[in-house]
Structure formats: C-alpha cells, structure tokens
Amino acid sequence: MIKCYNQAEFTRQYNADCGKIFREERISRGVSLERAARGLLSKTALGKMEAGETGWRKLTGDTLFQRMGILPDYFEMVASREEMERWRFREDICLLVPDRPVEAADKIKQYRERYTKREPVEEQFLCKAELLLLLKAREQDKSAGEFPAGEELLSRAAEAVSCTVPGDWSGKKEDLLLAPSELEAVLLSGAVYLACGRMEEAWKIHHFVWNYPEKKHWKERIAVWIKPQAALLGMELALQEGDSRKAFEFAREALELLRRNACHCYLLPLLERMRRISREGMSEGDQLYLKEVDAFWSAFKRIYDMSEYPGNRIWQGTSVENTREAGITLKMLRKYAGKSRDKAVFDDEGIIVTRRQLEKIECGEHKPSHENYKRLVRQYGKYGGWIVPMLETDSIEVLELRQEISSQMGYCQWDKVEAGMERLRQKVDMSYPRVRQEFLFFEALILQERKGDMRKSLELLQEALHITVPDWEGKEAKWWVFQREEIIIASNIASTYRKLGCLKEEGMWCEIIRFSVEQQKGKTGIMHTGYEMLMEMLDNYLGDLRQYGEAIKKNEEAVSQYLEQPLIDTLDRAFYRIAWNAYEIASKQNDGNENKVRWKEAFQMSEATARFTYDKYIIKFLEARRDKYLC
C-alpha cells in the first residue's frame with residue numbers, strides 16, 4: 001500500500017497560504033501595508049488577511065498580488081458561490097460590450113441592482129465597461145453630432161480610476177502601485193483624451209502605461225495583461241499623426257509578447273489594427289511580417305467564428321481557473337468520505353456548524369468563515385487548508401522556476417527540464433510533501449521519454465499522487481476534489497495504462513477525473529487547470545474505442561473552453577486531435593467528402609496556432625504529417 005502522509009506534514013510552516021506569501025513579498029520589496037492596501041481595503045483589513053485571521057478575498061487578493069507584478073495563478077484558491085457568480089456575471093458583460101452594447105448596458109444595470117455592496121475593483125470594472133459603451137456610442141453618433149460631451153467623458157474616466165486610486169492621481173503616477181486592471185482604467189483616460197482631440201494628454205497617458213511594466217520590473221507573464229491594450233492606443237495615436245513606423249513598432253512588440261506567452265487577450269483587435277498600417281516604404285522583412293499578420297488574422301477570425309466566440313471581447317484581468325467554489329468542494333469531499341451531514345459537522349474540537357448551516361453552505365446560500373472552512377476540510381484529508389501554492393515555499397522565485405519547468409515539459413524540451421530540476425532542487429526542501437510529489441512526477445515523465453520504462457514510470461506516478469490523495473479503497477474515488485497537480489498526475493497515470501495496453505484501467509481513471517472536474521466547474525462553467533490533460537487523455541481513450549465522432553465533439557468543446565481562458569498554449573493540440581479523428585472516420589467509414597473538409601481545416605488551424613505560439617515541437621510534428629492531411 002502506498003503511504004499517504006499525515007496531517008503533521010501538511011501543516012508544516014512552509015505550506016503557506018496566500019496571506020503569508022503576500023506578506024513576505026511585500027516586505028521584501030519594501031512596500032508598506034498602507035501603500036499596498038491603498039484604495040482597495042484598509043490597512044487593518046489587509047493586516048488581518050496577511051495573518052490569516054480573515055479569508056483571502058479572491059478579487060481583491062488577485063489585485064493585491066498584481067500590484068506587485070505577481071500573477072496569483074501559483075495558488076489554488078477557494079471562493080464563495082456568490083464570488084464565483086459575480087465573476088460569471090462580469091464575464092458575460094465582457095463578452096457583450098464590443099458587439100452587443102444594448103444587452104451589455106442592461107447586464108451592467110442588473111449587476112448594480114443585484115449586488116449593491118461592491119468591492120472597489122468591481123466598481124472600477126463596471127465604470128470601465130460603461131465608459132467603453134459611451135465611447136462606442138460617441139463614435140457611432142459622431143456623424144450626427146449626437147454624442148456624450150467631452151467633459152462628461154473625462155469625468156467618467158476620472159471616476160473609473162478613482163475607484164481604486166483615491167485622490168489626485170494624475171500628478172504623482174510614478175509613486176502608484178497599480179494592477180493591470182487599474183492601468184486599464186488609466187489607459188481609458190488616454191482614449192477619452194484622444195476622442196476629444198487632446199493628443200498631447202493622450203500621449204502622456206499612453207507613455208505612462210506603456211512603460212509601467214518595465215519600470216516596475218514585471219515579468220512578461222503579467223505584462224501581457226496590459227501591453228496589448230496600451231499598444232492599441234499608441235497605434236491609434238501614431239496612425240492619426242501619420243506615423244506608420246511608430247504604430248508598427250508598438251504593434252509588433254505587443255504581438256510578440258502575446259505570442260511568447262501563448263496569450264490571445266485583445267489579439268483580434270490588435271491584428272485588425274495592424275492591417276490598417278500602410279506598407280509603403282517598409283523593408284522587405286517588415287512587409288513579410290505584416291503578411292504573417294494577415295495569415296494570423298484570417299486563422300483566428302475563423303477560429304472565433306467556428307466557436308461562435310466574440311474575438312473582440314474585453315477581459316476582466318482576473319481568472320478563476322485556479323479557484324474553487326467552497327460549497328461544491330465541501331459537498332464533494334463529504335461524499336468522498338461517505339459522511340452524512342449530521343456527522344460532518346463535528347470534529348475533535350466539537351461542533352463546527354449546524355446541520356442546517358452546512359446544508360446552506362453546500363448549496364451556496366451561506367459562506368463559511370475562514371476558520372470553519374479549514375476545520376471542515378481538515379476531516380476529509382485536505383490538511384493545511386486549501387489556499388496553498390504549487391510547492392511548499394514562500395518564494396515567488398521558486399514558483400516561477402517551477403512554472404518554467406512545467407512549460408518546458410509541455411514543449412517536450414527535456415534537456416531544459418532536467419537542467420531546471422537541478423536548479424529547483426537547490427532551492428527547495430525535498431522533505432516537504434508537495435516538493436517530493438513534484439519531483440516524482442518529473443522523474444516519471446523523464447523515464448517515459450528518455451528510457452521508455454512504462455512500468456517504473458507508472459509506479460512513480462502512483463506514488464506521487466498518493467502523497468496528497470488518501471487511499472480511496474472502499475470509497476467513491478470520483479468524489480475526490482482533484483487539485484491541479486493531482487489532475488495532471490492522474491491523467492498521466494491513465495495515459496501510461498493506455499501505453500501498456502490496459503484499457504480497462506485507463507477507462508476507470510478517465511471516468512474518475514472527468515467526473516471530479518465536471519462537478520467542480522459549477523457556476524462559472526470554466527474547467528480548472530488540468531482540464532487540458534484530461535481532454536488529451538479522453539481523446540486517446542475514445543480513439544482506442546473507435547468512438548471518433550464522440551472524440552471530435554469533446555475536442556470541439558475543449559476548443560471553446562480554451563478560448564474562454566487567456567492562455568491558448570494547448571489549442572494547437574486540440575485542433576490536431578479533431579483532424580486525426582475526422583481522418584479516421586473517413587478511413588473507417590468511407591465517408592471522405594464531409595470529413596475531408598473538417599480534417600483539412602482543423603489541421604490548418606493547428607498549424608496556425610502552433611506558429612503563433614512558437615510551439616516548435618508541434619510545428620515539427622505537423623510538418624511530418626502535412627502531406628497526409630493536406631494533399
């Protein structure tokens with residue numbers, strides 16, 4: 001029996017929550033509590049969040065991290081059902097604003113009426129959306145002379161910024177700590193100045209936002225959340241002044257940032273504006289680059305149209321793919337443990353909540369306190385709470401290195417993976433459970449890729465999984481709330497069984513993970529991190545069963561899910577799987593015409609997205625199969 005580690009190991013000092021890591025980062029950067037909290041919450045409230053005396057609030061917490069140039073996707077968080085519902089509501093507004101302004105305005109009104117108590121970041125989001133609608137109305141009505149007055153627009157722009165930046169911010173911008181979503185509010189002020197013909201003020205705003213990430217030494221992974229929007233304003237300013245060269249330089253820098261980070265936020269608007277740049281007098285290399293831009297525009301326009309997804313959408317600046325809703329989490333863990341509500345409300349200290357309160361928490365009607373939530377999950381084996389980073393560490397540097405290794409694995413850069421592992425080994429304590437889990441997982445995959453030793457790899461994967469997953473003998477494993485790394489490891493276990501020809505075991509693991517992931521998508525409809533691994537595993541399993549039509553359906557659903565997230569690093573693989581399955585249907589059923597169109601288009605989309613994200617592994621993989629699919 002593989003050992004499942006006990007509570008003491010999971011409550012080690014370095015199994016830190018978001019508050020502790022935030023405090024370490026804040027102090028190391030010399031940022032005071034007051035400066036970090038300004039405009040978001042009180043100094044006292046932030047102090048309590050850091051100390052773990054109050055729960056870490058998702059929206060405000062993300063913004064706090066982003067103000068210091070840190071993306072909070074290193075952590076898995078828990079939010080209330082209402083927080084998740086609000087996120088979904090805001091997401092719907094994002095999808096409506098560009099092309100359906102009347103519906104967007106109505107949705108914003110509904111939001112304000114439903115949620116009368118709002119966090120500063122929420123209010124800022126609504127103000128920005130309303131300002132975008134005003135700018136759109138002004139542009140549409142300009143010819144008739146009927147549009148909001150310039151002073152009204154400037155007042156609304158200042159109001160949006162002041163939601164989280166109180167006082168006169170215009171004269172002391174260099175001292176501000178701003179997240180990308182707050183920089184967007186500042187950038188909208190520049191767009192208003194441009195609309196009012198005040199070019200000099202618009203340029204000043206643009207320069208401040210454009211240069212902010214570099215001045216604050218942000219990593220590319222967070223700079224990509226604001227640079228494309230800044231590029232759009234800079235391009236418009238430059239084009240109005242007739243400076244195509246400057247417009248091109250803004251655009252290329254932003255586009256390359258998106259490509260290097262496999263991100264599609266504001267991609268379509270950027271490509272569309274780049275196509276307006278005059279090519280007269282440009283070098284041959286720049287003209288070839290713009291020709292590639294045309295190809296990307298055609299491909300992504302087609303991708304968005306195929307999925308009926310608004311490519312011109314706006315983005316919130318926060319994601320919930322690493323966030324779980326508290327009620328469904330507690331319900332799933334209780335069912336996994338086989339406990340009734342009557343028994344689940346007690347622990348060694350006594351009663352935690354009443355049965356009725358637990359029922360309301362699981363239904364999303366009530367939110368548990370920070371302390372009660374920790375007590376409830378502890379009895380199910382989720383020790384140390386849930387708000388934990390990917391590794392047990394208080395170092396953002398270590399988490400960034402781990403993220404780098406994970407990306408290299410995705411691109412099959414195994415020499416770099418091994419070198420990264422050695423660097424990581426020097427920076428972590430190998431006695432910590434999550435650290436051991438991560439290295440066992442890395443070693444298992446290297447065994448498969450380097451030596452082809454499937455049996456030993458499977459043993460290591462199972463050992464890695466059970467470091468954080470209890471023995472589920474006699475329990476319904478599908479109710480276990482798989483966290484990010486657990487999903488990835490379990491998916492690799494299923495894939496390894498497939499390679500060993502054990503289809504029964506592969507199918508069992510597929511069903512366990514699928515059920516857990518789909519239960520957790522809850523109110524947002526967004527699949528959690530690890531969904532990509534699940535879909536690749538599920539496609540392989542359905543292919544083994546020759547259920548090619550069902551595999552195509554699942555992969556098309558996956559494409560839609562990927563587009564709802566900022567990152568599209570696995571989009572090329574999903575399109576290739578569609579192409580493969582369509583080809584197999586045609587081969588097995590002599591149904592070539594309809595499926596030939598499908599596999600050809602899917603293969604071309606796979607090529608386009610692989611080129612866009614610089615996925616050298618998939619590019620090489622597709623080149624070897626081009627004749628098969630495109631002849």
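Before anything else, a word on burial: a residue is called buried when its relative accessible area is under 20%, exposed when it is over 50%, and partly exposed in between, using a 1.4 Å probe and protein chains only. By that rule Tyr576 is buried, with a relative accessible area of 13%, and Phe603 is buried too, at 0%.

Please keep in mind that this is a predicted model, in which local features need pLDDT of at least 70 and side-chain atom pairs count only at pLDDT 80 or more, while totals for chains, interfaces and linings use all residues. Residues are numbered from 1 along each chain as its sequence is written, and side-chain values use heavy atoms, with hydrogens and water left out.

Let me begin with the aromatic rings. A pair of aromatic rings is described by the distance of the centres and the angle of the planes. Here rings of Phe, Tyr and Trp (its six-membered ring) pair if their centres lie within 6.5 Å, and planes under 30 degrees apart count as stacked, over 60 as edge-to-face and the rest as tilted. A search of the whole structure finds 27 such pairs. In one of them, the ring centres of Tyr336 and Trp480 are 5.0 Å apart and the planes stand at 65°, so the pair is edge-to-face. Tyr336 belongs to helix H17 (residues 326-337), whereas Trp480 is in the loop between helix H24 (454-465) and helix H25 (484-499), so the pair ties together parts that are 144 residues apart in sequence. Helices (H or I, at least four residues) and strands (E, at least two) are DSSP runs, numbered from the N terminus. Both Tyr336 and Trp480 are buried.

Now back to the two residues I opened with. The rings of Tyr576 and Phe603 have centres 6.5 Å apart and planes at 65°, so this pair is edge-to-face. Tyr576 lies in helix H29 (residues 571-589) and Phe603 in helix H30 (residues 592-612), 27 residues apart.

Which residue has its charged end over the ring of Phe621? That is Arg625, 3.6 Å from the ring centre, and Lys628 lies over the face of Tyr583, at 4.6 Å from the ring centre. A charge sits over a ring if NZ of Lys or CZ of Arg is within 6 Å of the ring centre and within 35 degrees of the ring normal.

Next comes the nonpolar core, meaning a set of buried Ala, Val, Leu, Ile, Met, Phe, Trp, Tyr and Cys residues joined through side-chain atoms within 4.5 Å. The largest has 178 residues, and those with the most contacts inside it are Ile93, Leu255, Leu270, Met274 and Leu465. Leaving aside neighbours within four places in sequence, Met274 is in contact (heavy atoms within 4.5 Å) with residues including Met235, Leu255 and Val293. A second, separate core of 24 residues includes Leu40, Leu41, Met68 and Tyr74.

Finally, two loop residues deserve a look. Tyr266, in the loop between helix H14 (244-260) and helix H15 (267-274), has a positive phi of about 60° although it is not a glycine. Glu308, in the loop between helix H16 (284-306) and strand E2 (323-325), is also not a glycine, and its phi is positive, near 50°. Are these residues buried or exposed? Tyr266 counts as buried at 11% relative accessibility, whereas Glu308 counts as exposed at 74%.
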